[in-house]
Amino acid sequence: MSLAADLPLGYRHVRRSVPLPPTTEWSQATKALFAWQVQEGAGLTVRASGQVEQGAVVEMRLGVGPVAARPRCLVVAVIDEPDRVGFAYGTLEGHPESGEEAFLITRTSEGIQFRVTAFSRPATALGRLAKPVAERVQDAITERYLRALSQP
């Protein structure tokens, strides 16, 4: 995924954004984003091959014990510009969903904005069966992502 607005057909699309508080410092927000703190702030346990960079593999754990999901993703795009930073990762084999999520922070004269954009669809028979539940979980996690940066 480029971090642009065009999303592929045949997938569920999620586009959510929030303004960050006026007291947010740009350097702190971008540092948190590139250190996986958005995912950790959403309640996921993160194991990554390093900081966010193209080609990094990340495993996120949601849940406890034997019922925990451990989806793996690959960072497919990184943007690091003076007023726009972010990254996107795509699901890897074994993930119950097929798709990508992008996390983008932008700075304008009106302030700092944090946006999460995603496209996904079930990748397995179990995923298709659990589609309504998976969509509710995705929506809840997206809200948690947004709160992870937007709450002081």
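Modeller: Start with Glu-143, which counts as partly exposed at 26% relative accessibility. Keep in mind that this is a predicted model.

Colleague: Why is Glu-143 called partly exposed?

Modeller: Buried means under 20%, and exposed means over 50%. Glu-143 has 26% relative accessibility, so it counts as partly exposed.

Colleague: What makes Glu-143 and Arg-16 a salt bridge?

Modeller: The cut-off is a side-chain nitrogen within 4 Å of a carboxyl oxygen. For Glu-143 and Arg-16 the N to O value is 1.6 Å, so the pair qualifies. The two residues sit in distant parts of the chain: Glu-143 in helix α4, residues 131–150, and Arg-16 in strand β1, residues 12–19. They are 127 residues apart.

Colleague: Is Arg-16 buried, exposed or partly exposed, and why?

Modeller: Arg-16 has 32% relative accessibility, so it counts as partly exposed.

Colleague: How do you know that Glu-59 and Arg-47 form a salt bridge?

Modeller: Their closest N and O atoms are 3.7 Å apart. The limit is 4 Å, so the pair counts. Glu-59 lies in strand β3, residues 57–61, and Arg-47 in strand β2, residues 45–48.

Colleague: Why is Glu-59 called buried?

Modeller: Glu-59 has 18% relative accessibility. Buried means under 20%, so the label follows.

Colleague: What makes Glu-81 and Arg-84 a pair?

Modeller: Their side chains meet in a salt bridge, at 3.3 Å from N to O. Glu-81 is partly exposed at 39%. Arg-84 is partly exposed at 29%.

Colleague: How many salt bridges does the whole structure hold?

Modeller: The search finds 6. Arg-12, Glu-135 and Asp-139 are linked in a network of them.

Colleague: Now the whole chain. Why does its radius of gyration agree with a compact globule?

Modeller: With 152 residues, a compact globule would have a value near 15 Å; the chain has 15 Å, so the two agree. As for burial, 41% of the 152 residues count as buried.

Colleague: What pattern does the chain follow along the sequence?

Modeller: The order is β-α-α-β-β-β-β-β-β-α-α. That comes from 4 helices and 7 strands.

Colleague: And how many charged side chains are there, positive and negative?

Modeller: There are 17 positive and 16 negative side chains. The centres of the two sets lie 7 Å apart.

Methods
Residues numbered from 1 in each chain as written. Predicted model: local features only at pLDDT ≥ 70, side-chain atom pairs only at ≥ 80, totals over all residues. Heavy atoms only, no water. Rg over C-alpha atoms; globule rule 2.2 N^0.38 Å. Buried < 20%, exposed > 50% of the residue type's maximum accessible area, 1.4 Å probe, protein only. Lys, Arg positive; Asp, Glu negative; His and termini not counted. Charge placed at Lys NZ, Arg CZ, Asp CG, Glu CD.
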